[in-house]
Amino acid sequence: MNVTVNNAKLNSWIKEVSALCQPEDIYICDGSKEEYDRLMGIMLANGSALPLANRPNSFHFRSDPSDVARVEDRTYISTTSQDDAGPTNNWMTPDELKNIMKGFYKGCMKGRVMYVIPFSMGPIGSPISKIGIEISDSPYVVVNMHIMTRMSPRVLELLGSDGDFIPCLHSIGAPLQEGQKDVKWPCAPIEDKYISHFPEENLIWSYGSGYGGNALLGKKCLALRIASAIARREGWMAEHMLILRLTNPEGKQYHIAAAFPSACGKTNLAMMQPSIPGWKCECVGDDIAWMKIGPDGRLYAINPENGFFGVAPGTSYETNPMAMDSIKENSIFTNCAITDAGEVWWEGMDGEPPVHAIDWKEKDWTLASTTDAAHPNARFTAPASQCPVICDDWEKPEGVPIDIFIFGGRRSTVVPLVSEALSWDHGVFLGSTAASETTAANIGSVGNLRRDPFAMKPFCGYNMGDYFQHWLDMGDKLADKAPKMFYVNWFRKDSDGKFLWPGFSDNSRILKWMCERVDGTAAAVETPIGILPQEDGLDTDGLDLSSDDMKELLRVDTDAWRQELPDIEKHFAIFGDRLPERLRVQLQEFKNRLG
Ligand code: GTP
Ligand code: SPV
Ligand code: MN
């Protein structure tokens, strides 16, 4: 071990884990640039990292083809009673799950270094922040955690001898026997992967995967699954939401938090550059929001992360210039294609596609290829501080006051471009019934419609019926200071399968309408599904969109909505008596309005 650890709980945990996992060595990380460079040097030497030609200090990795995204089927919320995990989570008792996993953990770090990663979610030392310690046998995880979290010896100092932290145990599940040659991306087969959470003791155990949210345990595991359970107990919120600041031409600021499912547009909206003159958008966070009621009774949000782990395909100067500028240097890329010029490429990047590249599976790719050059869930890891429109207040410990909540998803049909909730309870009804077509962010089928309440189905660390009640309770506490709630869908398609709405920077037009609704200046019409803009109610100046398309985007198809009812009822039924009565009332009122 390279340094001595003073914290008693950490010391005994390190001893316990090393006895179980039997690593070759133990290394306490300090988050320094020297450490980052040294680990990257090791990975360059063994061929798992590839330097990029035109991006200083940036590297590309290719994962094993079986380890390319989160594994929801292998993700567990382990509580004593199954009712506390609820019907949307995989469950086992802690004893049962720990027994299975201990079997896998035994000797799993043989031939590898066990890295101890002290990190803070939220600014180090801030009262809202949480300290985690990840133990991992993956140097790729260490360098990603350098970017995604605040990793520093100050975290250990802050812990002192008796401070508490959230233990996050991670192994890729690929021990090396004497003389065995390592592969570029070691991991365990899918059926041996476990992403486990023990919310009753704030504990995370992950085994078998090295990718994203399965392995960078500060993100989905700590900041969402464990934090959501803590937040409910303590009366705050941990949500799968971007946070942005919008400033109107008169200089008035609005803060917006938006929950869209994975790969449904959070990073893009978070740093969107408005196409309407005079409006300004700044990014506070692109994936997770922790929100508490402030002294003035309003809801304040912080971004607990330190970087972006963003979807690469579709990212371009055309769609998301601020992301493109964020990844010019000091960034990690995973599962992209590499051009003959030694640069990353992915589907949807600006300019002409390369004539030849090496694809994410390390095979030759040409324009004639019928497969994707980059994996659809290829990702970049970049420091948030490199975003040109990162908000000055993004690290403010007290957070920013939220005016607007947006829910949404990817729906090629039925759901209009935007609607406003009729009330807080109606907003919770919209969030709790949100549905979206599945994406490549999870291993499983893509394009299937599923209910993903508040974009939290994969991330809620307790019974989702109780989670709905928590939203209702928060609304009661916030009362007249509660944010206004909206529902959006950027993804409605025409009969040819083309997106009707241009999206990206033009989404500012929708945000503008929301701000005007907050100020009480925008006209609107009430429909059975909520409040919609009038046909000419959106700012469409300079927008090349036919009035037929606009009509279709705002069309409320009551027949189609009636056809949704059985599925909403089925969805609510799974919660049994944990479904809040007030949502039953909302469903009944919705039916009545549809007639
Ligand atoms: P996670 O990181 O998985 O939580 O995803 P995310 O919600 O941050 O999604 P992201 O912004 O990365 O977008 C995912 C994909 O949707 C990308 O390929 C984007 O180009 C595309 N996308 C984002 N916003 C829009 C939009 O307004 N319109 C259209 N058509 N596509 C969009
Ligand atoms: C998501 O899937 O919502 C992500 C990517 O943000 S991951 O960190 O892998 O969960
Ligand atoms: Mn996400």
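This is a predicted model: local features need pLDDT of at least 70, side-chain atom pairs count only at pLDDT 80 or more; totals for chains, interfaces and linings use all residues.
The largest nonpolar core has 164 residues, and the members that touch the most other members are Trp 290, Trp 346, Phe 405, Trp 471 and Met 514. Helix 8 (residues 218–234) supplies the largest share of this core, with nine residues. Setting aside residues up to four places away in sequence, Trp 346 touches Ala 312, Pro 313, Gly 314 and Thr 315, along with Met 324, Ile 327, Phe 333, Cys 336 and Ala 374.

Next comes a pair of helices. The axes of helix 2 (residues 33–45) and helix 5 (residues 139–148) come within 10 Å, crossing at roughly 145°, and the crossing is left-handed. On the helix 2 side, the contact is made by Glu 35, Tyr 36, Leu 39, Met 40 and Met 43, which meet Pro 139, Tyr 140, Val 142, Val 143, His 146 and Ile 147 of helix 5. By residue class, this contact divides into nine nonpolar residues, one polar and one charged. Helix 5 is largely enclosed by the rest of the structure, because nine of its 10 residues are buried. The buried residues run through Tyr 140, Val 141, Val 142, Val 143, Asn 144, Met 145, His 146, Ile 147 and Met 148.

His 240 lies in the loop between strand 11 (237–239) and strand 12 (242–247). Its relative accessibility is 1%, so His 240 counts as buried, the limit being under 20%. The side chain of His 240 makes polar contacts with two lysine side chains, that of Lys 220 at 2.9 Å and that of Lys 266 at 3.3 Å. Beyond residues up to four places away in sequence, the residues touched by His 240 include Leu 224, Ala 258, Ala 259, Phe 260, Pro 261, Ser 262, Asp 287, Ala 455, Met 456 and Phe 459.

His 470, by comparison, sits in helix 12 (residues 464–478). With a relative accessible area of 7%, His 470 is buried too. The side chain of His 470 reaches a backbone atom, the oxygen of Trp 236, at 2.6 Å. Apart from neighbours within four places in sequence, the contacts of His 470 are Ala 231, Arg 232, Gly 235, Trp 236, Met 237 and Tyr 462.

Finally, the backbone holds a couple of points of interest. Most residues other than glycine have a negative phi. Ala 455, already met as a contact of His 240, has a positive phi near 55°. Ala 455 belongs to the loop between strand 28 (449–451) and helix 12, and at 2% relative accessibility it is buried. Val 414 also has a positive phi, near 65°. This valine is found in the loop between strand 25 (404–408) and strand 26 (418–420), where a relative accessible area of 12% makes Val 414 buried.

Terms used:
Residues are numbered from 1 along each chain as its sequence is written. Chains are lettered from A and ligands numbered from 1 in the order in which they are written. Side-chain values use heavy atoms; hydrogens and water are left out. Helices (H or I, at least four residues) and strands (E, at least two) are DSSP runs, numbered from the N terminus. Buried means under 20% relative accessible area, exposed over 50%, partly exposed in between (1.4 Å probe, protein chains only). A polar contact is a pair of N or O atoms within 3.5 Å; within protein, one must be able to donate a hydrogen and the other to accept it, and residues adjacent in sequence count only if both atoms are side-chain atoms. Contact means heavy atoms within 4.5 Å. A nonpolar core is a set of buried Ala, Val, Leu, Ile, Met, Phe, Trp, Tyr and Cys residues joined through side-chain atoms within 4.5 Å. Axes are lines fitted to C-alpha atoms, for helices over the stretch in contact, and angles run from 0 to 180 degrees between N-to-C directions. A crossing is left-handed if the near helix is turned anticlockwise from the far one by less than a right angle, and right-handed if clockwise. Ala, Val, Leu, Ile, Met, Phe, Trp, Tyr, Cys and Pro count as nonpolar, Asp, Glu, Lys and Arg as charged, and the others, Gly among them, as polar.
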